[in-house]
Amino acid sequence: MTVSNHEHWMAKAIQLAQKGLYTTHPNPRVGCVLVKDEQIIGQGFHLKAGEGHAEVNALADAKQDVAGATAYVTLEPCSHHGKTPPCADALIKAGVARVVYGMQDPNPEVSGRGLGKIKKAGIDVIGPVLEADCEALNPGFVKRMREGLPFIRVKLAMSLDGRTAMESGESQWITGPEARLDVQRLRAQSDAIVTGIGSVLMDNPSMTVRIDSENQEAAAKTVRQPLRVIMDTALSILPEAKILYPSNQACVFCVEDDLEIEHLEALKKKGVTVRFSPRGEDGRLDLLDAMEQLADAGINEVLLETGAELAGGFLQAGLVDEIVVYMAPKLLGSSARPLFQLPLETIDEAVELELKSVSQIGQDLRLVYKPNYLDDDFGDDFDDGLEE
């Protein structure tokens, strides 16, 4: 097979992997295509943790003998026993002649082992193929394995003049219904939604994935609700806050000292997870520590939905991987609230952004940016509050 053929079939495997966009947490999204005589004889993707992996599902889907076929898989086949047996063993047992992989497993503890086992069995191994596209399937899983941090995406809605809310805090609704529906998709693909206590006290949001379906009850069973995380240094959140329901899907980060023990116990009794982070130099929560804790808990992708202060805190800490801005054709005026609260005084301190995509959704624009952190000392003197 030629290189172009390998890319063709790998693209098919990538399309399959995308079907697990909202469901595979905390596992990666993976697709597999089995090809024989230039025809697909089996295909599969990973749908849900604890269930069959892409390779196993593709083998089960095969309409003819797999012996001698080529397996195209977006991620190196696993070599270890987890909730399911190793996929490398399954491919070897099936008698495939060749394995073409998109990217090597980013987990340093197992990287290369699956491919090594397959090679040792006498099977040809080719790759990586369309590596960047395969990595893009799982930005959070890849970052968590390589850096011990989740992929953090900031979602913001603003007016044409760069404002996110009126001076009073009023912000419903800046964008149109189409943009708001798109945000639900962002939530659904995220493992956790992070916000600050300021936003909770101001708006009392639920921050759940809201189902747009005629059969709400049936649809709700198929959508995984992300963990809802509140940054709350002094643990001042009210037990009846909407964001704490259901309580087993809520987590509050606070600083352990100076807490009201009765309030802490009341939250724990409700089933809310309370985590402790140290104070940063500004006296607020150490955001890096909090994100490391989420990564340790298996959180791959974080959606940050909050106000200008906490969003600015994440940005100046170098924790933001992607900024998604929905821009509405409205003007909110010079006294309205800004997109980010940042301690900038000169043009040289400006944060450079790389535009990744732009699209129109309804009457709004969806702008996706990647921050370019050019100055490691950016924001060292930042001492504003980080809990909006």
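**The interior of the chain**

Tutor: The chain's secondary structure comprises twelve helices and 16 strands; helices (H or I, at least four residues) and strands (E, at least two) are DSSP runs, numbered from the N terminus. The model is predicted, with local features requiring pLDDT of at least 70 and side-chain atom pairs counted only at pLDDT 80 or more, while totals for chains, interfaces and linings use all residues. Residues are numbered from 1 along each chain as its sequence is written, and side-chain values use heavy atoms, with hydrogens and water left out.

Of the 388 residues in the chain, 48% are buried, where buried means under 20% relative accessible area, exposed over 50%, and partly exposed in between (1.4 Å probe, protein chains only). The chain exposes about 18,500 Å², of which carbon and sulfur atoms supply 48%; these areas come from the Shrake-Rupley method with a 1.4 Å probe, and for residues only the protein chains shown count as cover. Among contacts with a separation of 6 or more, 70% join residues 24 or more positions apart, a contact being heavy atoms within 4.5 Å.

The nonpolar cores come next; such a core is a set of buried Ala, Val, Leu, Ile, Met, Phe, Trp, Tyr and Cys residues joined through side-chain atoms within 4.5 Å. The largest nonpolar core holds 35 residues, and Met-10, Leu-34, Val-66, Tyr-72, Leu-91 and Val-99 touch the most other members. At least two residues of this core come from each of helix H1 (3-17), strand S1 (31-36), helix H2 (54-61), strand S3 (70-75), helix H3 (87-94), strand S4 (98-103), helix H4 (113-120) and H5. H1 gives the most, with six residues. Another core, of 32 residues, lies apart from it and includes Leu-149, Met-231, Leu-287 and Leu-319.

Ile-230 belongs to strand S9 (residues 227-231). It counts as buried because its relative accessible area is 0%. Beyond its neighbours within four places in sequence, Ile-230 contacts Thr-195, Gly-196, Ile-197, Val-200, Ile-237, Ile-243, Leu-244, Cys-251, Val-252 and Phe-253. Cys-254 is 24 residues from Ile-230 along the chain, and their C-alpha atoms are separated by 8.7 Å.

On a 1 Å grid over the protein atoms alone, a cavity is a set of points where a 1.4 Å probe fits but cannot get out, whereas a pocket is an open set with protein on both sides within 12 Å along at least five of seven lines; lining residues have an atom within 4 Å of a point. Grid points are joined across faces, edges and corners, and a volume is the space filled by probe spheres set on the points.

Two cavities of 30 Å³ or more are found in the whole structure. The largest cavity contains about 90 Å³ of space. Its lining has 16 residues, with Thr-24, Asn-27, Arg-29, Asn-300 and Glu-301 nearest its centre. By class, that lining has four nonpolar, eight polar and four charged residues; Ala, Val, Leu, Ile, Met, Phe, Trp, Tyr, Cys and Pro count as nonpolar, Asp, Glu, Lys and Arg as charged, and the others, Gly among them, as polar.

Arg-29 also lines the second largest cavity, together with Pro-28, Thr-74, Leu-75, Met-103, Cys-134, Leu-137, Asn-138 and Phe-141. The volume of this second largest cavity is about 30 Å³. S3 and H5 each supply at least two residues of its lining, which divides into six nonpolar, two polar and one charged.

As for open spaces, the second largest pocket has a volume of about 670 Å³. Its lining numbers 28 residues, and Ala-136, Pro-139, Phe-151, Arg-153 and Glu-322 are the closest to its centre. Elements giving two or more residues to this lining include helix H5 (131-137), helix H6 (139-147), strand S6 (151-159) and strand S16 (364-372). The largest share, five residues, comes from S16. The lining of this pocket has 14 nonpolar, four polar and ten charged residues.

The peptide bond from His-25 to Pro-26 is cis, with omega near 0°, and Pro-26 lies in the loop between H1 and S1. The peptide bond from Gly-127 to Pro-128 is likewise cis, with omega near 0°; Pro-128 lies in the loop between strand S5 (124-126) and H5.
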